[in-house]
Structure formats: structure tokens, C-alpha cells
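Please keep the sequence and the model in view while reading.

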Amino acid sequence: MSTLFARVFRQAWATFEHTGAGDAKFASNLNALRRLVDQLTLADIGLEPSLVATETFQQPTKAPCTYVGVFENDRFAMSVFVLRENYTMPLHDHPQMHGLLRVVSGAVQICSYSEIARRDTVEPRAEGGTLRRHVLVVAEPEKIISSAAGDCAVLTPTERNFHEITAIGGPAAFFDILSPPYNTASQPQYYFYRKVPVPRHLAEMEPLGFGGPDKPSAQEDERPRYVLETIPNPEHYYCDTVHYATPEFMYQQAEGGGGGGRGGV
């Protein structure tokens, strides 16, 4: 475990103690956190290289994804995901979240989308209604991030908060910080999606004046548009879990800073 990771953790604590998209202090803290996260390695987090070894994923009962729960409280969550070569984590959302994603081993391709508008309907079922959601999005430029690049991906409550992630050139591991975390009282449930062309009857979902004064209008914005449609949890997406040995500095911060917290989930 490195002193750099302790600095990342403490900066995340300070950043997400009070979250405000228009808050200059929050923006400054988030930028400071990103600069630290940009430097992280697998060793900094205290994880073994065998976790990302090709041989590990050749075991017949191995899941295509490994999940390591690093820390979670009511403000933010830290975790590591390891993906088998060429495996794609299905398209999913991060509702109303800020997030940073840093590849700490291998390389990934990220396809991200930003929401323009959405339409929800509830389909009646015998056991209760089922949400059916259509989200009109614009496709952001595809991004390839490697552990050597020193660059992390950033998502916000309004930008790049729908994405799918593919391991390329071998297994890959990425560390992420999400705020607020899933499974909290204030955080909506997440969904998986499939991408479809924009049907004519959904084209009117795009609000007039989309983009705002500092962004291109719908006519000027040449980024591809799609509709994302909710789907059941994909059967191919499941994870093995690895216990994380929580470092002492996390306990100390949780006890001294309030807000509780749990690690190694």
C-alpha cells in the first residue's frame, strides 16, 4: 500500500464531503483528486499482478469479470474491476454521479454517451410495474486508456454517464471512484441498456434549444445520436469477488471524519 493511495483516499473524502456542480471549491478538489488518481498503479492499491494474469482467466470456472470492493460510505465508493481480454462490461448508467476511472493494468476502450432527454413508461405486470426507459443520447468520442497513459476518464451527472468498457490486448484492471455510491437512499437504481438508432417517433424527445448558450445546437452538433433502451441484467455479466485487505488509514479517516464507511466488501 502506498502513500499515494492514502493521499487519493483523503482527497476523495475532502472532495465528496460537499458536492456541488457549480461550486468552485468542489471543482478545485475534483481536479486535485484527478491529478492524484492519474498516477495510481495496481501496486499502489495493494493488489497482486496475478489478479490480472491471462492464466487467471483461463480457469474453466472463472467469471469474465472480477470485482474488488475497496471502500464505501454514504459519500463515495472505491472499487477495482478486472476484465477478461475482449470482454465488454455491458452498457450501463451512472445516474446523477461524478466518477473517475483509472486503468491500473492493461488497456480498455470506453464508449460513452451523454443524455439529452429521456422517456419512462411503466409496463403492468402481475407482480408490479416494470420500468421501461428510453434515453436519447449523443455519442462521445471513443477513448482508449492504458495503465501507461497517466490519464483517467471522468464522468459527471450530465456528461459521459452512460458507458461500456472493453478490455483490449489482454486482461485489464481499472480503479474507479463514484459519488454518490449505488445502493444509497438518495441514489437511483442503475440500469443496463441496448443501443438502437433513433426511431422517428422518439425524435421529438430532443428538447428545443438543447445544448445551451455554450454548447452546439442540435443542428450544429454532428455527434451521432442513439436511443438507449433498458434491458434486463445481461446473463453474461457476472463477477467473481476478491476480498480487499482494508488499510489502516481508511479506518482512521472513517473514525475521525464521520460518515462511517466499510472496506473490503
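Contact here means heavy atoms within 4.5 Å. Among contacts in the chain between residues at least 6 apart in sequence, 80% join residues at least 24 apart. The model is a predicted one, in which local features need pLDDT of at least 70 and side-chain atom pairs count only at pLDDT 80 or more, while totals for chains, interfaces and linings use all residues. Residues are numbered from 1 along each chain as its sequence is written, and side-chain values use heavy atoms, with hydrogens and water left out.

The chain holds four helices and 12 strands, taken as DSSP runs numbered from the N terminus (helices: H or I, at least four residues; strands: E, at least two). Of its 265 residues, 50% are buried, that is, under 20% relative accessible area with a 1.4 Å probe and protein chains only, where over 50% is exposed and anything in between partly exposed.

Two packed helices are described by the angle between their axes and the distance between the axes. Helix α1 (residues 3-15) and helix α2 (residues 24-37) have axes that come within 9 Å and cross at roughly 160°; axes are lines fitted to C-alpha atoms over the stretch in contact, and angles run from 0 to 180 degrees between N-to-C directions. This makes α1 roughly antiparallel to α2, a term for angles over 145 degrees, whereas those under 35 are roughly parallel, 65 to 115 roughly perpendicular and the rest oblique. On the α1 side, the residues in contact include Leu4, Val8 and Ala12, and on the α2 side they include Phe26, Leu30 and Leu33.

Aromatic rings provide a further theme. A search of the whole structure finds 18 aromatic pairs, in which rings of Phe, Tyr and Trp (its six-membered ring) have centres within 6.5 Å; planes under 30 degrees apart are stacked, over 60 edge-to-face and the rest tilted. The rings of Phe16 and Phe76 have centres 6.1 Å apart and planes at 40°, so this pair is tilted. Phe16 lies in the loop between α1 and α2, and Phe76, 60 residues away, in the loop between β1 (65-72) and β2 (77-83). Phe16 is buried at 2% relative accessibility, and Phe76 is buried at 0%. Both belong to a cluster linked by ring pairs, whose members include Phe5, Trp13 and Phe249.

A second pair joins Phe192 and Tyr237, with ring centres 5.7 Å apart and planes at 65°, so it is edge-to-face. Because Phe192 lies in strand β9 (residues 192-196) and Tyr237 in the loop between β10 (225-231) and β11 (239-241), the pair ties together parts 45 residues apart in sequence.
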